[in-house]
Amino acid sequence: MELPARNLRESGTVLVDTPGLYSKMKFGYDFMTREFRDSAACAVFVVKTDNLFLEQVFDDFNDLLEQFSRVFVVVNIDKNKSDLQADGSLSPSLESRDPDRIVEAFEMLTMSAPLRRASETGRLHLYPIDLRSAAARRLQASAAPVEPLTQGDEAADEPDAFDDFLNDLMGYLNSTDYLREFMTDTIRQSGKLCAEIRQHCASHLESVVDAEQSRQRTTLDAIARKQQALEVANTTAPVEWMADTLGRLKREREESVNTTRATFREAAQPAIATWLESDESLEQLKSTLKGLMDESCQRFLAEEEIRLTACARSAHAGFSLSSAEAESFAILGIDLPSLADESLSESASPALDPSGQAPDLNPFPVRMGFTDKLLFRSPDTVRKRLFKDPAQEIPARAKRGKLEDNAGEAIFALAEPDLKQRLEQLSARIGESAVDAYVAGVSRRVQAACTKVKKDLDDQEAHANQTLARLTELKEKYRGLSDLAEEVSATVHDLEEKHAPELELTSG
């Protein structure tokens, strides 16, 4: 909809509409019009009577009076508004009957001291106008030529409050008062702007730049502590830290070999005694003893795995560290037990050899009878006659007759060296493969972790130094801007002293 405004067309006045009370322009219209507001000659504030007494309106009035020497307030009334009476009838409201009473109530009851001073000094003007009716009259008369309305125009058939407002506005803009007040407004706004710039620079330097510089310096201090800890962590090779642990594990394996041999004796001797009293064959005896050996070796490996796992899960994963060295790893965030857990998968104990041979049990302890001696039979001949088929069952009576009285102990003595040899071989394989692989894996992971930490620290240090350099440059720019604002403020102060009477008049 277009409204005729010949007064604006015939002058150099530019009217800019800014967002209204409580408006929320998501696309930034209020920022788009801020430049016009800051450079405007005066302000026209339109408010409904319903909003005239709201606290937000008083805040807006005060903001406008700080910026402009002249503020025109248009109270938009509704002449068709009615009130409900006690008998249920509708009658014209006070707003429609006598809008000036609304303005008087505002001036007498709610106007603050700054607003009252501005009204008394002529800086604040209030106009109760029915804007909808005024717009309707202009639209109806838009087809006919409309002459500009001026003060004292006798062509109007009835007074028009909007014409009075428009005449006052245009009279002000075309007067010398506007030029004088525009100058004083400019001086006032310049001083206020310089003060805001200095305050913003000081506040931003303290709350943002200085705080960020302090944070970056704290970061650099933490990096320096980690670099010192890294130097301590790299002083000694991980293998040297494991020397005591390796010696302890070796001693524990040797003790475990002896313990396993003793356990095998406890299981093997009853099994041999049972065989001697049975009709079982020699092959069955060897199979029984082989099974007991396999169980002993498997138990030996399981115990070694438990010891190695316990070492990896210990506080320092088997590393013999001083308090300073342990603190260094903690500062660097290197979790040694976690690295050790990863290494365990590479250092699994060797699997039990499934193709292991049964004990040879040779020479088997046999007894030489009278007939054997009479026929000049050798012990080997007696064994061959007794065990001509290793898989054939041998009656217990024959065993008692042909075997020595201490045959059980002798058979164990023939079998036990086989177990000892197997345990020693396993122990050697554990030391050469499992433990060595564990130590190598932990050492490799510790070195990799230290390398990564060093790279991260170097990157963090470079970033912190770059940030500090940028902050220092930004700080100098803020100080330069603040110094420039202070210089301009001194010039503005000289102008304020020169035009002090005019400024006192406009400030009311």
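Reply: A residue counts as buried under 20% relative accessible area, as exposed over 50%, and as partly exposed in between, using a 1.4 Å probe and protein chains only. By this scale E409, with a relative accessible area of 43%, is partly exposed. The model is predicted, so local features need pLDDT of at least 70 and side-chain atom pairs count only at pLDDT 80 or more, while totals for chains, interfaces and linings use all residues. Residues are numbered from 1 along each chain as its sequence is written, and side-chain values use heavy atoms, leaving out hydrogens and water.

Me: What share of the 508 residues in the protein is buried, and how many helices and strands are there?

Reply: Buried residues account for 35% of the 508. Helices (DSSP runs of H or I, at least four residues) and strands (runs of E, at least two) are numbered from the N terminus. The protein has 20 helices and five strands.

Me: How should I read contacts across the chain?

Reply: Two residues are in contact when heavy atoms lie within 4.5 Å. Of the contacts in the protein with a separation of 6 or more, 80% are between residues 24 or more positions apart. Leaving aside residues up to four places away in sequence, S427 touches R253, V257 and F300.

Me: Which strands form the open sheet, and in what order?

Reply: Two strands pair if DSSP finds at least two bridges between them. Here three strands form an open sheet in the order 1-2-5, with parallel pairing. Strand 1 (43–48) and strand 5 (124–129) are at the edges because each has a single partner strand, which leaves one side of each without a neighbour in the sheet. Angles run from 0 to 180 degrees between N-to-C directions, and axes are lines fitted to C-alpha atoms, for helices over the stretch in contact. From one strand to the next, the twist averages 20°.

Me: How many bridges join strand 2 and strand 5?

Reply: Strand 2 (residues 71–76) and strand 5 pair in the parallel sense over six bridges. Within this pairing, V73 stands opposite L126 in strand 5. Helix 6 (residues 99–110) packs on the sheet and touches both strand 2 and strand 5, its direction making about 150° with that of strand 5.

Me: At what angle do helix 13 and helix 15 pack?

Reply: Angles under 35 degrees count as roughly parallel, over 145 as roughly antiparallel, 65 to 115 as roughly perpendicular, and the rest as oblique. Helix 13 and helix 15 (residues 336–344) pack at about 150°, with axes 8 Å apart. These two helices are therefore roughly antiparallel to each other. L308, T309, A312 and R313 in helix 13 meet P337, A340, D341 and L344 in helix 15.

Me: Finally, how many salt bridges are there?

Reply: A salt bridge is a side-chain nitrogen of Lys or Arg within 4 Å of a carboxyl oxygen of Asp or Glu. By this rule there are 17. One of them joins R215 to E212, with the closest N and O atoms 2.8 Å apart. R215 and E212 are three residues apart in helix 10 (residues 176–233), so about one helical turn separates them. Another joins E409 to R265 at 3.4 Å, N to O. This pair links distant parts of the chain, 144 residues apart: E409 is in helix 19 (residues 407–498) and R265 in helix 12 (residues 243–276).

Me: Where in the chain are R422 and its partner D294?

Reply: R422 and D294 form a salt bridge, their closest N and O atoms being 2.9 Å apart. R422 lies in helix 19 and D294 in helix 13 (residues 282–313), 128 residues apart. R422 is buried, at 16% relative accessible area. Elsewhere, salt bridges with shared partners join R248, E252, R253, E304 and R307 into one network.
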